[in-house]
Amino acid sequence: MKTGIFICHCGHNIKHTVNVKKLSEYFKKYPNVTVSQDYVFVCSEPGQDMIRESIEKKGLDRVIIASCTPSLHGEMFKDVLKKSNLNPFLLRRVSIREHCSWVGDDVEKNTEKAKRLILAGLYSAAHYVPLEEKRVDVTRSALIIGGGVSGLSAAAFLSKMGMQVYLVEKEPELGGHVRTLKNIWPAGKDGKSIIDEMIEELTGRENVEIFTSTTISGFEGFFGNYEVTLDTPEGEKKLTAGGVIIAIGFSPFDPRIKPELQYGKDDRIITTLEFEHNADTLQLPEKPRVAILHCVGSRDEQIGKPYCSRVCCINALRVGEAMKDKYKDSYVESFYMDVRAHPRGGEEYFEDTQEKGVLFTRANVAEINLSPTGIVIRGEDTLFGETFEREFDLVVLSIGMSPPVDNKLIASLLKITLDKDKFFMEAHIKLRPFDTAVKGIFIAGSCSGPKDVEESINHGRASAVKLFGFLNLGYAYVDPFISYVDPKRCSGCRMCEQACVAKAIKYDEEKRVVHVEEAACMGCGLCNATCPSSAISLKGYIDCMIDDEIGALLEAI
Amino acid sequence: MLQDKAEKNPEIIGFACSYCTFKASEMAGSLRMKYPEGVKLIQVPCSSRVDPAFVIKAIFEGADGVFVAGCHPGDCHFIKGNYFTRRKIAALKEMFDAFSMKDKLRLFWVSAAEARRFIDKVTTMYNEIKERKNVREKN
Amino acid sequence: MGNFQVKNVLVVGGGIAGITAALELASCGVSVTMLEEGPSIGGRMIQLDKTFPTLDCSTCTLSPKMVEVALNHNIELLSWAKPMAVKKAGQRFQVTILKKSRYVDIKKCNACGSCFPGCPVVMKSEFNMGTGPRKAIYIPFPQAIPNKASIDKCEDRPCKAACVDACPIHTNVLGYLKHISEGRFADAYMLIREVNPFPSVCGRVCDAPCEEACSRGELDDPMAIRELKRFAADQVDPATLEVPDIQQTGKKVAVIGAGPSGLTAAYELALRGHAVTVFEALAEAGGMMRYGIPAYRLPREAINRDIAYIQRHGVEIKTEVRVGQDITLAEITKSHDATYIAVGAHMGLSLGMEGEELPGVHDGITFLRKMNAGEPVQVGKKVAVIGGGNTAVDCAQVARRLGAETVTIVYRRTLSEMPASHEEVETALKEGTVIQFLTAPVRVTAKSDGFLSMVCQKMELGKPDLSGRARPIPIKGSEFTMDVDAVISAVGQVPDTRFVTELGVEVIKTGTIQVDPATLATNVQGIFAGGDVVTEPAYIIDAIAAGRRVAGSIDLFLRSKMVVSEKTWQKDRMFWSKKERTGEKFTHDEVKVLKEKYGEERRLKPQEEPLEERTKDFREVVTGYTESQARSEASRCLAGKIEGCIQCGECERRCDVKAVDYNMKDEIVDMEFDSIVLAPGFDLYDPTEKREFGYGTLDGVITGIEFERICSVTGPTGGDILLKGKVPKRFYFIQCVGSRDRQSGARFCSRVCCMYTAKHASIVKDRIKGAEIYISYIDVRAYGKGYEEFYKSTQESGTFYIRGIPGEITKGENGLLVRVEDMLSGEMRDIEVDVVILATGVRPRKGTEELCNIMSIERDEYGFIRADSITPSRTNVDGIFVCGMASGPKDIPDTVASGGEAAASCMEYINQ
Amino acid sequence: MLGKKIKNGNIEDTLNRFLKDDQHLVLGFEKGENGVSLRAFKNYLDHYSLLNPIFSTNGALHLRRLFSKGTKIILMLRPCEIRAYIELIKLNQIEREDIIAVSIDCFGALSSKDKTDDIPAEADQLREYFKKTDTMRWACKVCRERRGVVGDAGIRIDRDGLFWAFSYTEKGDSFLSLIEGEPEESRTEMLMSGSEKQDQFQNDMKTFSKDFAKCTMCMNCRDMCPVCYCIDCVFNGDEYLPKGDALLNKILRSGPVQLPQGKELFHFIRMYHVSQTCVGCGACEEACPQGIPLTKYFKGISERLQGMFSYMSGRSFDESIPYLTFLEDELKNAED
């Protein structure tokens, strides 16, 4: 056996707390190790070339890369092996960054830990065998959950590209929150018209099926062929979707959670959303005194909303501007922590609003009291360090975005993860903001965190193009990590068959052994753990690999 | 074999499901949260892949503790896998209990987002085992 | 559907936005051409150390994407390329693309990196935002895609670099002069060392054919190349240099003669891993350098240190072993795998004149040897020296230093025929030596008073002889007599090669050994010869050249048991033969232009010891340049006057795959595309105009992106946060520099600076224990996913956030004094810090305007490409889309999303 | 309960009737020269003994991989043997179709190691014998189920000394139909009552090590265990084969080590493997040449682990082995 070990410095990230030189020297002397090298960035092109060269010149048959966590760069390093005509499943990744250099400070201890981790990889990889990726046919159709601006943009793109689109909306009408907004900043457009344009584009396309007042009641299967059950007003409907885009948006924060704001107790305390809907019908004196409260339901750890909702500062500015435009002599005061007018044109808008006469007071609002003459706001001006008490005719709460109500339902149906704020979690916050941990399921728009209209459209369409790229060919490759049976060892006890969730194990009455239906196997390895004689094994995770890994981690072998 | 370990720092082997705990551990790493270097993970596709034999093996090869960590019940990527894990590991814990070493084996549910929880779980386990180990060694 | 006709899309810009768009398009089966204006894709993101809020390593997340671009079959990547003209034809676009030359053949270059260390041109690294250097030939960072070198060549070199060609060992004169002119003396030394193991020696006594060839000489004076070499050599003590780890081959080589040629060969062979033993007949190593050249020209110390360094490479020198007497050549060849004979020419030629055997009549070379060996030599008061070579002149000057009052050189031709170096003759004359030209000795007789009487006769010049010089013809009856104490005859030397005959090595009449001029192999296999023993007396540099050549030849012989013809080893730098000098000179007009351009600067003379003093002993006459003199003399070099690459050829010589091509030309190509995606990215605001912050005037005021480079492991400090070599402890960050600022014409918010500042703060906290960090802000805009939490944790980790932007930064006692009004407390505070980091805002990329103009794309008031919020990637031209920062500030996730959206729009357009 | 009284306690007639068919077999005990032993009877019963006072192996062991069809077999075995049989049915190691499993009230047995000739084979005498000598096997003393209440049918003895046959399954019904007479209600209390609950097994590693110090890893315990059914045991596979090279590496790396014997590993893993199927018959201990008290451990552990899921091995044909199923709403405290 000829194993090559490549230890990445990851710039500083690993080298900082792991003695990479010592490691590479250590493994040089190891039996079966042909190459042991450390390099500043193994993932870079020269790093990859180094691996390729070693494979080709030294005839490596196992490659161990000790670097970042395996979920990063997995495909890339596999490609390196493929290019050198080495089966990509003879690669073993060892995480010495996320699981070693970053989680400990002591160089000596980290180096020892990294050594053992690599050792574990080495021993485990010794049992690797070449595997072939499974090609599966995929259905060129997409299920889009949520008919808001994100979902509609995704649907528009995918249907235009000729993909079958199933658009599912819980409400009777498409359009989500955007439909209800009278004026979308900065487009200056009416939300309804934006939505109508999008719907118009979809109608008449044969490859679009829209289900309103519909929820998802069942979801099974795997990438490329998800079996979906819809609960439509006409009854249950089943369909097959190659991939899914979740775009279920957000739910507006309910200020009742903060009783000190007195919301719901007086008509003169309204939310930005209500203001948007009813601005024209508000009963106000000629010189109205208007207070706008920022960050209601955002940046508030006490109520479990530590995040910034991203859009509410602009919404607050919109209220201020509208009041000033309508009532020239109005007194409009915004109470804020930071004005986050970050979108394009936002800062200018902020300045303009200030110039129009909206006052901005950096303040902590302590409480709101109702009085017959008005609503009294008491708080502390954090710039001047003074407390104040002022009376207003109208208080507008700039409410934040909360996770969508169906987040947990969808997450558990589709087996995807929510983040700590209960929005959907992305695969990589920077580079894969639309992907989930599950192949073929994407997230778009505000359901993964607050976003404005532009960002939601970007998201919807960007996730759609990703999905399109996945399904376009009509087939895809999936991991070969499925179970197989050693018929010589199988006692035919059928325990694995009973346990298998995917019902992928079949019993042969003749031979009195079981076999695996490869297409159905999900690769969880339950059967492997159930079989007392290890007659059934999960490729890539067979017993002796894990046994040796344990042994190596404990330096017992 | 159990007795001839001299050093005071425990060795803990954790079996981590790829879809949740392992992700959480990655996240913990990228958030630079710290946990003792004695905790080492073995990645498995699902907690149900963990054969109790692995746990037994780890213990008798010198681990001071072993944990099996998977998705919260009901959240399994493989639909039901972790329910089986729960039964098997609970049974194994009972078995360990019968040999007065219940503290050596733990079962955690940690979702992919719960980096903090992961850290808390493993650190608590480590510290408790360390404490017990050192008390034992003094006696 | 599913099978689209393959469409072509042009993506302009190779940052994360462009990369995302290109990869998405490629995954949909579109053929993408990506243009990158610079040497590598990666854009701004690859310059970052970490990304917020996860503190993920930026290189680690982006580099694989870059590799994906390089490997994706659907993407063609053109670096150093930009569009020059775009024409819309129907739905399609005709694009004229300028492919700037990188002077390195991208197909051949394998990014081995051997070219950069030799490059003498040091420039500011754009990738490091000027915080660190790079060479004129460079790969901007190790993860660059394409990972190919390019050369920064702006103009052609005015001179012909004849110096390099003239030097028998092709010393990179241009290179080391460039180094010296910019104060990198050690680098200059190492560049010399590369080809010459005797820098200290050659810096003093080389005959410097380079100076003769120097183009500057055509303007005013040639460069003082030798003197500058000596200066460089005096700056570095080779005893401080490390000896490389050499893998031994197990082969043994004998070198006979520890002169310059033998020792050079020994050194080069030792570097190649062979075990070398040098046999030297005399008491000390050095050959003619030690025994032929007097100390006032070449101090012993200079020889010793160069030789000591050679010995440190494992070369064994056995002195006082005379081959032929103490050991036979046969014995040596038997116990060694190869033998190099470099015994030099130490046998003085006899004049054949009467009285030569008299005491008081010395053979010049023997005289010098004795004197240099410290044997007692007496010359008396009056000395006559016969000959016109360097040896004769040396003898004359030595005689003076030994106490002679009158020294006369007797030479049969005139000054212009004298083979001795002109400079030496001049010095001798200055020191009072008299030269009797056109005079030849006839005989010497001993007088009763102990004096010698030398009878000479006058000569006249006749027709040129075989050597090309005029033949002296005696004038009859012109005889006269000189009374002298001693006569030193220095009319030439020949080698003593009697010992080689036993093995049948071919020797010609004069005693020189016959060799193949290319390989220096003799007729006997395994025996090589070179230096004076082959050429008759020549210069040290020629001997060194022979040593280098034979080392290559012997190495090849030892490895392959073959003596290979010149053709095969042309590839090896070692065998570069002296180029035929073209003799090409500047034309009169060229000289005029050059003179106008560079002005007249005369050659600087180095200091010398005063005339009266120096003849009293053997102290070194020339004491050399001072630092500033050296720098100013070196800067006269015409090649060094140009920007960027000086085409010294160092990289070309070092490149094993011959990828360097100085003559490459820019290319212009026309291509057709179905759609265009623009992702030119952004620049950062240059805060120089904000005088109150002192950027550019105060040490320690830097921008955020510069700080990013300093933190980065691919940066100039390898990731250690160092400022002027010290670890700063107190940090002041100022946000909104050039954002939200009417003064600088940018009312907009740059969206990323709040967060990258928080990120910097947390990096500092992580790497510098006990660091003190202040951040000035107006509003903290932590709006993205996880941002607020990141901001909070930064704040809680002990970073002081101060609301309010400082009014002024001044130099304090122990650092920089920041004066700021804390708006929350209302206090005016003076805070002293070590470093101030300006979180500069974003600006459209330089060149965005030009790009937009050729495509008729509209821009907004700030110069960003105008786009609409509902159709975020659509520009005013149908079919051209924009993404990333080009249409306004965005953070990375937004940029990635916008790249994807642009790809979607592009897909829709091309599939209409 | 409704059962059939066996006239004169003579079950032999019934079985002989059954054996008239050439394709029929009875597996039961034979009283031979060297005491009672297990025998397959064909055509007629000879020296038949209902009870077997000596325990050497568990009879179910021999039934493993019995798949042949067409030969009808009646098993007349101890409850522990029938329970093991039932577990093996669940594990698909025996084709159940043609087999009727009849459990017989068991009054305990003497270990084959303590075998004497004077031991009686009749219920009453046996009871008296054990009362007198206290030589009953430990496994039998702590037996969880010595009553003939498992399997397809059971043969029980009431306080009046009458023999009863009860049916528990359809197959049991067909067995009962072989017996003459009509079913009637049994009103007298049975001689054998349910077992007393034993203390929960509790141990520690120290005791374990002491107890197993004599173990030579002969693996007889495994080979004789009726529910250790694997054709190819993992401990024969390369996972557990000695790895000399690796061991040498380790020694060179970290100094001398105690050579691993794998005892703990073997017994713990086996303990886990049989934890739900172990019937506590003590066959392992019987087989152990070193006299290690294996029953204490295996039975103790399996009872604890089965208890968690309210499972009892061999109690019923229908209960699923707990590791192969789950309830969503259970083990709430499993997480630490």
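Visitor: At roughly what angle do the axes of helix H5 and helix H9 of chain C cross?
Guide: Roughly 110°, with the axes coming within 8 Å. H5 covers residues 185-195 of chain C and H9 covers residues 225-235. Keep in mind that this is a predicted model.

Visitor: So is H5(C) roughly parallel or roughly perpendicular to H9(C)?
Guide: Roughly perpendicular, because angles from 65 to 115 degrees count that way.

Visitor: Which residues in H5(C) meet H9(C)?
Guide: Phe185(C), Ala188(C), Tyr189(C) and Ile192(C). On the H9(C) side, they meet Lys229(C), Phe231(C), Ala232(C), Ala233(C) and Gln235(C). By class, that contact has seven nonpolar residues, one polar and one charged.

Visitor: OK, switching to chain D and chain B. How much area do they bury between them?
Guide: About 3300 Å², with 63% of it on carbon and sulfur atoms. In chain D, Tyr272(D), Glu335(D) and Asp336(D) lose the most area to chain B, together 20% of what that side buries.

Visitor: How many residues does the contact take from each chain?
Guide: 35 residues from chain D and 32 residues from chain B.

Visitor: And how many salt bridges between chain D and chain B?
Guide: Seven. One of them joins the side chains of Lys93(B) and Asp336(D), at 2.8 Å, N to O.

Visitor: Which helix gives the largest share of the side of chain D that touches chain B?
Guide: H9(D), with six residues. That side of chain D has 21 nonpolar, five polar and nine charged residues.

Technical notes. Residues numbered from 1 in each chain as written. Chains lettered and ligands numbered in written order. Predicted model: local features only at pLDDT ≥ 70, side-chain atom pairs only at ≥ 80, totals over all residues. Heavy atoms only, no water. Contact = heavy atoms within 4.5 Å. Buried area = accessible area lost by both parts, 1.4 Å probe. Salt bridge = Lys/Arg side-chain N within 4 Å of Asp/Glu carboxyl O. Helix = DSSP H or I, 4+ residues; strand = E, 2+ residues; numbered from the N terminus. Nonpolar A, V, L, I, M, F, W, Y, C, P; charged D, E, K, R; others polar. Axes fitted to C-alpha atoms, helices over the stretch in contact; angles between N-to-C directions. Parallel < 35°, antiparallel > 145°, perpendicular 65-115°, else oblique.
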